[in-house]
Number of protein chains: 2
Amino acid sequence: MSASPSAFDDESYRAGVIELLGALSYGEISACERIVDDARMAPDLATRVEVAMMAAAEFEHFIQLRDRLVALGVDPFKAMEPFTASFENFHRRTAPADYLEGLVKMYVGDGLAADFYREIAAYLDPETRALIVEVMSGTSHTDFVVDQVRKAIEADPRIGGRLALWGRRLMGEALSQAQALVAERDALTSVIVGGGDTPGFDLTAIGRMFTRVTEAHTERMSRLGLEA
Amino acid sequence: MSASPSAFDDESYRAGVIELLGALSYGEISACERIVDDARMAPDLATRVEVAMMAAAEFEHFIQLRDRLVALGVDPFKAMEPFTASFENFHRRTAPADYLEGLVKMYVGDGLAADFYREIAAYLDPETRALIVEVMSGTSHTDFVVDQVRKAIEADPRIGGRLALWGRRLMGEALSQAQALVAERDALTSVIVGGGDTPGFDLTAIGRMFTRVTEAHTERMSRLGLEA
């Protein structure tokens with residue numbers, strides 16, 4: 001906080017950042033738990049370990065976020081509480097039917113979350129921004145996922161059609177949950193769209209952001225060999 | 001390997017160490033997976049996170065062991081293969097009925113494994129010994145487990161009786177699996193009891209080792225407020 005006392009002097013900014021970090025934290029821990037669940041569907045121990053490494057990376061990020069909330073003087077679990085239903089809903093509605101759907105969900109979900117939070121981070125104080133950029137930096141496991149998905153499609157091209165549909169569904173569910181979440185949380189919204197002295201996105205900027213996020217999603221899908 | 005070329009020049013010593021690291025690796029990854037399972041029974045998110053930190057520590061150890069097997073020029077998953085049934089048996093026979101049984105299993109199981117492997121490590125080349133001592137060093141979560149178990153017994157003393165029985169059952173199952181495992185694996189056995197130029201335990205030493213391991217178990221149980 002010492003690096004940017006002025007930003008946090010604004011109570012509504014502070015509340016917004018706490019909400020953002022709460023959402024982000026719960027997003028990470030719930031992703032971690034789902035990845036661990038999904039790892040069970042992996043075909044062998046070596047693959048399960050690769051998947052577990054992704055879960056461990058998410059968990060590491062979670063711990064950093066939790067520690068930041070503690071440093072801000074709040075109970076991190078109380079800060080996460082308002083967001084649990086939203087993320088649990090998302091995960092319930094997007095339970096993968098098999099290992100490949102799990103991999104695509106990880107890759108697409110991680111990517112979307114990273115894009116979205118990094119866009120928001122651009123408007124935040126330097127310390128919060130650095131934390132978000134760090135915890136959202138891609139893990140090194142992208143190549144593993146791309147390789148697994150591409151191989152599976154090569155072996156059976158019909159899988160590509162099914163996974164493409166799956167990717168679209170993930171994107172739709174993610175957007176609808178994100179929208180519902182932002183609509184409910186005033187402090188979070190004011191950090192995103194700006195308010196008082198806080199800079200933020202205007203509606204045109206939000207439109208452009210969604211375009212960028214959608215384009216990046218399309219690129220990720222095509223890296224997997226899938227149509228978005 | 002460069003630090004101790006002579007030990008690894010002995011093919012049967014090398015085979016024994018690989019078996020030991022294979023057993024240890026699978027022990028760690030299967031413990032990690034069970035802890036993650038058991039975390040689901042935790043009463044709230046804060047506790048679930050504490051438990052997940054223990055799983056993350058086991059996973060970190062697993063990765064170090066796996067990397068060591070790779071450095072020794074073997075397929076780590078092939079090295080683990082002979083031990084999977086034994087550990088899976090143990091876990092199937094000791095599935096915790098609730099969160100507290102899960103905590104006691106973690107604590108008692110981790111402690112037993114650490115004692116046992118450290119005893120063996122004393123007879124190994126310095127590099128292998130250092131690795132084993134490092135991955136078996138206690139995590140910092142002991143206080144958390146002790147605190148949770150003691151509080152639960154305080155709130156309902158009958159829990160103490162049930163958990164004491166549980167601890168005895170864990171000890172019994174662990175010993176019987178360890179015995180079966182060693183009996184089946186010649187290379188592992190010769191590392192433990194010695195053979196050729198390899199030092200190791202003689203039968204009296206094995207007896208003393210079991211006494212020490214049992215005493216340490218009793219101490220751990222009493223730290224939890226349980227009779228061994």
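Which pattern does chain A follow when read along the sequence? In this predicted model, chain A runs as α-α-α-α-α-α-α-α-α-α, and its secondary structure comprises ten helices and zero strands. The radius of gyration of chain A is 18 Å, close to the 17 Å given by the globule rule for 228 residues, so the chain is as compact as a globular protein of that length. Along its principal axes, the C-alpha trace of chain A spans about 55 × 35 × 25 Å. Of the 228 residues of chain A, 38% count as buried. Among contacts in chain A between residues at least 6 apart in sequence, 75% join residues at least 24 apart.

The contact between the chains draws ten residues from chain B and ten residues from chain A. On the side of chain B that touches chain A, two or more residues are given by each of helix 2 (11-39), helix 3 (45-71) and helix 4 (76-80) of chain B. Helix 3 of chain B supplies the largest share of this side, six residues. By class, the side of chain B that touches chain A consists of ten nonpolar, no polar and no charged residues.

Two packed helices are described by the angle between their axes and the distance between the axes. The axes of helix 3 (residues 45-71) of chain A and helix 3 of chain B come within 11 Å and cross at roughly 130°; the two helices are therefore oblique to each other. Helix 3 of chain A passes helix 3 of chain B in a left-handed crossing. Ala52(A), Ala56(A) and Phe59(A) of helix 3 of chain A make this contact with Ala52(B), Ala56(B) and Phe59(B) of helix 3 of chain B. The residues of this helix contact divide into six nonpolar, no polar and no charged.

Technical notes:
Residues are numbered from 1 along each chain as its sequence is written. Chains are lettered from A and ligands numbered from 1 in the order in which they are written. This is a predicted model: local features need pLDDT of at least 70, side-chain atom pairs count only at pLDDT 80 or more; totals for chains, interfaces and linings use all residues. Two residues are in contact if their C-beta atoms, placed from the backbone, lie within 7 Å. Helices (H or I, at least four residues) and strands (E, at least two) are DSSP runs, numbered from the N terminus. Ala, Val, Leu, Ile, Met, Phe, Trp, Tyr, Cys and Pro count as nonpolar, Asp, Glu, Lys and Arg as charged, and the others, Gly among them, as polar. Axes are lines fitted to C-alpha atoms, for helices over the stretch in contact, and angles run from 0 to 180 degrees between N-to-C directions. Angles under 35 degrees count as roughly parallel, over 145 as roughly antiparallel, 65 to 115 as roughly perpendicular and the rest as oblique. A crossing is left-handed if the near helix is turned anticlockwise from the far one by less than a right angle, and right-handed if clockwise. The radius of gyration is taken over C-alpha atoms; the globule rule is 2.2 Å times the number of residues to the power 0.38. A residue is buried if 20 or more other C-beta atoms lie within 10 Å of its own, exposed if 12 or fewer, and partly exposed in between; C-beta atoms are placed from the backbone.
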